[in-house]
Amino acid sequence: GDVAADLVSIDMASQNEVVMLVDVGTNTEVVVGHAGRLVAASCPAGPAFEGGGIEYGMPGFEGAIESIQLKDGHIEYSTIGDIAPQGICGSGLIDLLAELRNHDLMTPMGVFSEKKQRKMTIIPEYGITLSRDDASNLAQAKAANFCGQLIVMRKFGINPADVKHLYLAGGFANYVDVRNAVEIGFLAPVPEERIVKIGNAALQGAREVLLSRKKRESIEHLVKGIEHVELETTPDFFEVFVEGCQFKPMPMEFV
């Protein structure tokens, strides 16, 4: 449903260049298309980047930390609504993980540099922390996104550099720092200027389908030709998933 509506919104079927759609959520959908061919996969990422299973995680409501920077040993942040922080939403969690990695405060395996440390204080005045368990849950959610993108691109026979436009959709997509998302392997390493944030494309696509019989007939025909990849039945799925659990960029080449 979401994928069909997304495809209507961005008119993916008529693209003359290799394009990719990543609709981020509890289920992340990935589609690669070129010259009428579409390959898709659904990635059961779970709710970690929407706050589920993360002690101080939360959806993108007022009071959620939406961006984080580590400067001179202290954390600078901004919250939705510019009010006191209550937790960290998806875009903030991506920033936090990237900053901890960039400053060698966390290994790619999600282990704090002080190996016995189980919890790190992020915003001391509000008691907001990140634990090893939080990092593990985020790693597994990220790995699902990683697997979906890598396996679909590989199935299509392309590398990230071949993608001319990466359309990023979903609940918090508009707020994601794409450079940080690429650095931790949340997004494929497509050149930053080619990544296009399209917000809630599924809603826009659904609206267009409801208002246009022609659009509806077009998408009904289109979805019949989509090649669907079952990630879990991919022979090396487990190896790709384990690699995807690490907070580091996706390989630049795999085909």
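# Burial, pairing and a cavity in a predicted model

Mentor: The largest cavity is lined by Val24, Gly25, Thr26, Ala45, Gly46, Phe49, Glu50, Ala141, Asn145, Phe172 and Phe186. This is a predicted model, in which local features need pLDDT of at least 70 and side-chain atom pairs count only at pLDDT 80 or more, while totals for chains, interfaces and linings use all residues. Residues are numbered from 1 along each chain as its sequence is written, and side-chain values use heavy atoms, with hydrogens and water left out.

Trainee: What makes a set of points a cavity, and what makes a residue part of its lining?

Mentor: On a 1 Å grid over the protein atoms alone, a cavity is a set of points where a 1.4 Å probe fits but cannot get out; a lining residue has an atom within 4 Å of a point. Phe172 is therefore listed in the lining because it meets that 4 Å rule.

Trainee: How many cavities of 30 Å³ or more are there?

Mentor: The count is one. The largest cavity holds about 40 Å³ of space; a volume here is the space filled by probe spheres set on the grid points, which are joined across faces, edges and corners.

Trainee: Why is alanine 98 called buried?

Mentor: Buried means under 20% relative accessible area, exposed means over 50%, and partly exposed lies in between, with a 1.4 Å probe and protein chains only. Alanine 98 has a relative accessibility of 1%, so it is classed as buried. Across the protein chain, buried residues make up 51% of the 255 residues.

Trainee: Where is alanine 98 found, and which residues does it touch beyond four places away in sequence?

Mentor: Alanine 98 belongs to helix H2. Helices (H or I, at least four residues) and strands (E, at least two) are DSSP runs, numbered from the N terminus. A contact requires heavy atoms within 4.5 Å, and alanine 98 touches Asn180, Glu183 and Ile184 when residues up to four places away in sequence are not counted. Alanine 98 and phenylalanine 247 are 149 residues apart in sequence, yet 7.9 Å apart in space, C-alpha to C-alpha.

Trainee: Why is alanine 35 called exposed?

Mentor: Its relative accessible area is 62%, which is over 50%, so alanine 35 counts as exposed. Alanine 35 lies in the loop between strand E2 (27-34) and strand E3 (37-44).

Trainee: What is the pairing between E9 and strand E10?

Mentor: E9 and strand E10 (residues 195-199) are parallel and share four bridges. Leucine 166 stands opposite isoleucine 195 in E10, and alanine 169 stands opposite glycine 199 in E10.

Trainee: Why is strand E9 called largely enclosed?

Mentor: Five of the six residues of strand E9 (residues 165-170) are buried, so the rest of the structure largely encloses it. E9 belongs to an open sheet of six strands in the order E10-E9-E1-E2-E3-E11, with mixed pairing. Its edge strands are E10 and strand E11 (227-228), each of which pairs on one side only.

Trainee: What is the order of the open sheet of three strands, and what makes a strand an edge strand?

Mentor: The order is E5-E4-E6, and the pairing is mixed. Strand E5 (74-79) and strand E6 (87-88) are the edge strands, since each pairs on one side only. Helix H2 (residues 90-102) packs on this sheet and touches E4 and E6; its direction makes about 15° with that of E4. Such angles run from 0 to 180 degrees between N-to-C directions, and the axes are lines fitted to C-alpha atoms, for helices over the stretch in contact.

Terms used: Pairing = 2+ DSSP bridges. 1 Å grid on protein atoms, 1.4 Å probe; cavity = no way out; pocket = protein on both sides within 12 Å on 5 of 7 lines; lining within 4 Å.
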